[in-house]
Amino acid sequence: MTASDSFTKLKQQVEKADRDVMAAASQGEVELQAKLDETRKSADDHAAELRAKTQAATDQAESHWREVQSDWDRHIQRMHERMDAKKAVHDAKMAEADAEWAEADALDAIDFASSAVEEAEYAVLDAMRARKDADVLAASA
């Protein structure tokens, strides 16, 4: 799969997530919790795949990306721990505070994803330029 194809796949993933979020807004608590559990499992699976892929390419990967992945893993772990801990909360003030924390976490994740999409776009364009340069050099050799 080319970098350009992967970028298109990312766009489709974002569009699906947008549709799922919009649909979840009108669901009841049980359905929303089921979607939340499903999405968490999918995100955990994807994170595990990414960690495995990163580990497999450790010799070739830049330390910066491993650091970004590590920071993201720690953020996800803290977010999951907070989400698991709050399930027993019944107090209205605590629930409001939890909602504000969850919304802040969501906005942080969106900001991170936005930055990652921009970095992905830059990397795809750079890969395309590098491929064109290589093709030109190969054709002239």
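In which helix is the place of glutamine 12, and what do helices H3 and H4 bring together where they meet?

Reply: Residues are numbered from 1 along each chain as its sequence is written, and side-chain values use heavy atoms, with hydrogens and water left out. The model is predicted, so local features need pLDDT of at least 70 and side-chain atom pairs count only at pLDDT 80 or more, while totals for chains, interfaces and linings use all residues.

Glutamine 12 has its place in helix H1; a helix here is a DSSP run (H or I, at least four residues), numbered from the N terminus. With a relative accessible area of 48%, glutamine 12 is partly exposed, since buried means under 20%, exposed over 50%, and partly exposed in between (1.4 Å probe, protein chains only). Alanine 25 lies 13 residues from glutamine 12 in sequence and 20 Å from it in space, C-alpha to C-alpha.

Helix H1 (3-24) and helix H3 (63-85) are included in what covers the buried residues of H4. Those buried residues are Asp98, Asp105 and Val124. H4 itself runs over residues 92-140; at 1.5 Å a residue its 49 residues should span 72 Å, and its end C-alpha atoms are 71 Å apart, which agrees. The expected span is 1.5 Å times one less than the number of residues. For H3, the 23 residues should span 33 Å, and the end C-alpha atoms are 33 Å apart, again in agreement.

Two packed helices are described by the angle between their axes and the distance between the axes. The axes are lines fitted to C-alpha atoms, for helices over the stretch in contact, and angles run from 0 to 180 degrees between N-to-C directions. For H3 and H4, the axes come within 11 Å and cross at roughly 160°. H3 is therefore roughly antiparallel to H4, a term for angles over 145 degrees.

At this contact (heavy atoms within 4.5 Å), Trp65, Val68, Trp72, His75, Met79 and Arg82 of H3 meet Asp98, Trp101, Ala102, Asp105, Ala109, Phe112 and Glu119 of H4. The residues of the contact divide into eight nonpolar, one polar and four charged. Here Ala, Val, Leu, Ile, Met, Phe, Trp, Tyr, Cys and Pro count as nonpolar, Asp, Glu, Lys and Arg as charged, and the others, Gly among them, as polar.

Histidine 80 is also placed in H3, and it is buried, with a relative accessible area of 9%. Leaving aside neighbours within four places in sequence, histidine 80 is in contact with Arg40 and Asp44.

Conventions. Helices (H or I, at least four residues) and strands (E, at least two) are DSSP runs, numbered from the N terminus. Angles under 35 degrees count as roughly parallel, over 145 as roughly antiparallel, 65 to 115 as roughly perpendicular and the rest as oblique.
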